[in-house]
Amino acid sequence: MQKRIIRKVAVLGSGIMGSRIACHLANIGVSSVLLDIVPRELNDAEKAKGLTIEDASVRNRIVNDSLQSTLKSNPSPIFSKSFARRISTGNFEDDMHLISDCDWIIEVVVERLDIKKIIFDQVEEHRKKGTLISSNTSGIPINLMLEERSDDFKSHFIGTHFFNPPRYLPLLEIIPTEHTSNEVVDFFMSYGDKYLGKQTVLCKDTPAFIANRIGIFSIMSLFHSIKDFGLTVEEIDKLTGPVIGRPKSATFRTCDVVGLDTLVHVANGLNKALKDDDQKSIFALPEFIQTMMDNNWLGSKTGQGFYKKAKDEDGKRQILSLNLDTMEYGKQKKASFATLEQTKPIDDLRERYAVLCAGKDKAGAFYRKSFSALFSYVSYRIPEISDDLFRIDEGMRAGFGWQHGPFEVWDALGVERGLKMMKEEGYDAAPWVEEMLKTGKSSFYDIKEGSLHHYDIAEKTHRKTPGLDDLIILDHIRSTNTVWENNECAVTDIGDGILNIEFRSKMNAMGSGVLSGINKGIELAEKDFRGVVIGNQGQNFSVGANLMMVFMFAVEQEYDELNYAIKYFQDTMMRARYSNVPVVVAPHTMALGGGCELTLHADAVQAAGETYMGLVEFGVGVIPGGGGTKELTRRSALRYVKDDVELNVLRENFYRIAMAKVSTSVEEAFEHGFLVRGRDQISMNKQRQIADAKHLAIQLAEQGYVMPARETFRVLGQQALGMFEVGINQMLEGNYISEHEVKMARKLANVMAGGDLSEPTEVSERYLLDLEREAFLSLCTEKKTLERIQHMLKTGKPLRN
């Protein structure tokens, strides 16, 4: 197999997808050249400057404007604005020769076959033999692009369909043609996974491939049936969001964000391209969708779609929803269903599906109908769009953000029970499903010896699911490898002398059960193992400490108990730092408050590319009390270079805490000082994170890990207090902070200064932890703090008071 290294990529087309793909390549350290067309005429600004069509700034205007617009978009497509230096720009007429030293050329131009062929003519002229070529098309058959292409082009050409936005959606569909070499297919499946951080899904060259075929069917099926159920737009979004493991934006909010025109474009393409799909009529547009298209109600991009922002009589902003019967906007009505109330105590999503489908109200009827339609459709798509059912589930999880793909949902409900429900709703399944049950196989998936197996339709048996051997999936080994557990935490043997400590509390909040698990896991590792990973595969690493516990102690004025709880938290963080085995923390997605504090005390960190870290305690009226304030103060002292201005770093970290700053990427976490360059590592693919963290722990152990020495560090006392006080007063005078926030800021300042010391002094970590705990406790006696905590518990949002 040829060894390939991707050093530079040519991205042909700088539109929404092209610019964002270039940004994501920059995220992983790969340089790219981004090319687009030359403008046909000058714009007014160029005319005013006296420029001509031959000026470079004019000729590259389209590509440069596209890239700059992308870099300004929110959420950002790039980890750090500085990474944009890795992207160079040019145009098709002057700079196509630049592709000659590129290792991969990806076409991302407009979805017109004739234009793509013109671009590929130029690619043939300038590419070096053996260079990889791919298309990001979402609707044009891949094989049609190969007419009149050379044999070398054909063997190195493949479809690489990124989902928008490429940074955030992990799906990368890989679509080979009959001419694509196996080496190229294997390379992209591996490169997308290990380097781009994607869930690579091998697809057949069929209309809309896998994820859009199933996802658009699911949405269009709902469009056609919504009026039959008498449900409103907001009710559907209530039913199709997190309660069934789908994104908060659910169905109609997602359509507004993506753009109704985008969805309609794919649906129309499917309606036109599908020949043998018995559900083809589902892709025809319902009357209300056509009306919305005619009215240009496309969603966020046009100011209104299924929802519309408006102001009430008092001038306050409100969001109206569209009545699909009258096609008029009105106030939203709170969606409430008895069936959903029954699922509130059920945390395990897989156990929730059966309750939802058994509901006696409109919600239950909706779930039975929609799941039945989905199950029927996906069963008949094998082997049309894929030979393997697991690829359909992978596509829906990674492309549409479903926690469980359709076959996984069906398994959770029970295959036989699902078939019965489908028949009652007027649907049937493909014959292979009945055949599977007749062979004694009662599920699509099975776990054998810690490995996932799926039902192979052709072989009529379960076989090991490929692509997972290098991964550690805690769900698959928890039942056999758990060495200790309580209700909030599990300690699992992940092999090679490494234990994993997994949070299992609600939102992975760090209460007494989690803290007990951390201490127990380290204790067990020190006795019989050689390292510890603290990581989980939940939606977030941890949202912080258990606020309800803090609130209850404070309300009941159980200050001694609260003091003990805070000290236990602090001691646990210090246990993670000072143990006889290396402790590697693996944060991902949200690592806030206590989750950030734990990360700050690790021997090393294996962070996911999408890691949002921050000490956010100011939002609930307290300072970081689990060692976070101490640690940023300590890190400020460690960064001090002789003759430098010592206060600068300390000031930066003070504002980082006081403004509850959260990094928006793993790179920002490094820039904010939460992660340490040269020590901490990144997993672009979140699925690989636990395995990567394990390897890091092994590496530290084999290098002869020794517990860090407890060293003192320098605090500045009154010198720092004076600086902080000036900043606090300026913020107050400018009405940027409230009187209560002044009190909070002064408490924080006292800790970070090391107290009212007359001169710079060397102090221990314990000294600063005691100051930190004292400040935390004193703020918990404040009425304003309790109001903030109560508001956060009720709404999930911080309160200003």
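This is a predicted model: local features need pLDDT of at least 70, side-chain atom pairs count only at pLDDT 80 or more; totals for chains, interfaces and linings use all residues.
Residues are numbered from 1 along each chain as its sequence is written, and side-chain values use heavy atoms, with hydrogens and water left out.

Glu384 counts as partly exposed because its relative accessibility is 30%. Arg381 also forms a salt bridge with Asp277, and here the closest N and O atoms are 3.9 Å apart. This pair links distant parts of the chain, 104 residues apart: Asp277 is in the loop between helix 11 (260-273) and helix 12 (287-294), and Arg381 is in the loop between helix 15 (362-380) and helix 16 (389-400). Helices (H or I, at least four residues) and strands (E, at least two) are DSSP runs, numbered from the N terminus. Asp277 and Arg381 are both buried. In general, side chains of opposite charge can pair when their charged atoms come close. The count of salt bridges for this model comes to 53.

Another of these bridges joins Lys630 to Glu765, with 2.8 Å between the closest N and O atoms. Lys630 belongs to helix 25 (residues 628-638) and Glu765 to helix 31 (residues 765-780), so the bridge ties together parts that are 135 residues apart in sequence. Both ends are tucked away: Lys630 counts as buried at 0% relative accessibility, and Glu765 counts as buried at 5%. Salt bridges with shared partners bring Arg577, Lys630, Glu631, Arg634, Arg635 and Glu765 into one network.

Next comes a helix pair. Packed helices are described by the angle between their axes and the distance between the axes. For helix 29 (residues 718-733) and helix 30 (residues 739-753), the axes come within 9 Å and cross at roughly 165°. Axes here are lines fitted to C-alpha atoms, for helices over the stretch in contact, with angles running from 0 to 180 degrees between N-to-C directions. Helix 29 and helix 30 are therefore roughly antiparallel (under 35 degrees counts as roughly parallel, over 145 as roughly antiparallel, 65 to 115 as roughly perpendicular and the rest as oblique). The crossing of helix 29 past helix 30 is right-handed, a label used if the near helix is turned clockwise from the far one by less than a right angle, with anticlockwise giving left-handed.

On the helix 29 side, Ala720, Leu721, Phe724, Glu725, Ile728, Asn729 and Leu732 meet Glu739, Val742, Ala745, Arg746, Ala749, Asn750, Met752 and Ala753 of helix 30 (contact means heavy atoms within 4.5 Å). Sorted by type, the residues of this contact are 10 nonpolar, two polar and three charged. Ala, Val, Leu, Ile, Met, Phe, Trp, Tyr, Cys and Pro count as nonpolar, Asp, Glu, Lys and Arg as charged, and the others, Gly among them, as polar.

The loop between helix 29 and helix 30 holds Asn735, which has a positive phi of about 60° although it is not a glycine. Asn735 is exposed, at 69% relative accessible area. Asn296 also has a positive phi, near 60°, and is placed in the loop between helix 12 and strand 9 (307-311). Asn296 is partly exposed, at 42%. Most residues other than glycine have a negative phi, and most peptide bonds are trans. The peptide bond from Asn74 to Pro75 is cis, with omega near 5°, and Pro75 lies in the loop between helix 4 (61-72) and strand 3 (87-91). A cis peptide bond also joins Asn164 and Pro165, with omega about 0°; Pro165 is in the loop between strand 6 (157-162) and strand 7 (171-176).

Finally, Ala554 sits in helix 22 (residues 547-555) and is buried, at 2% relative accessible area. Leaving aside neighbours within four places in sequence, Ala554 is in contact with Tyr559, Cys780 and Leu786.

Conventions. A salt bridge is a side-chain nitrogen of Lys or Arg within 4 Å of a carboxyl oxygen of Asp or Glu. Buried means under 20% relative accessible area, exposed over 50%, partly exposed in between (1.4 Å probe, protein chains only).
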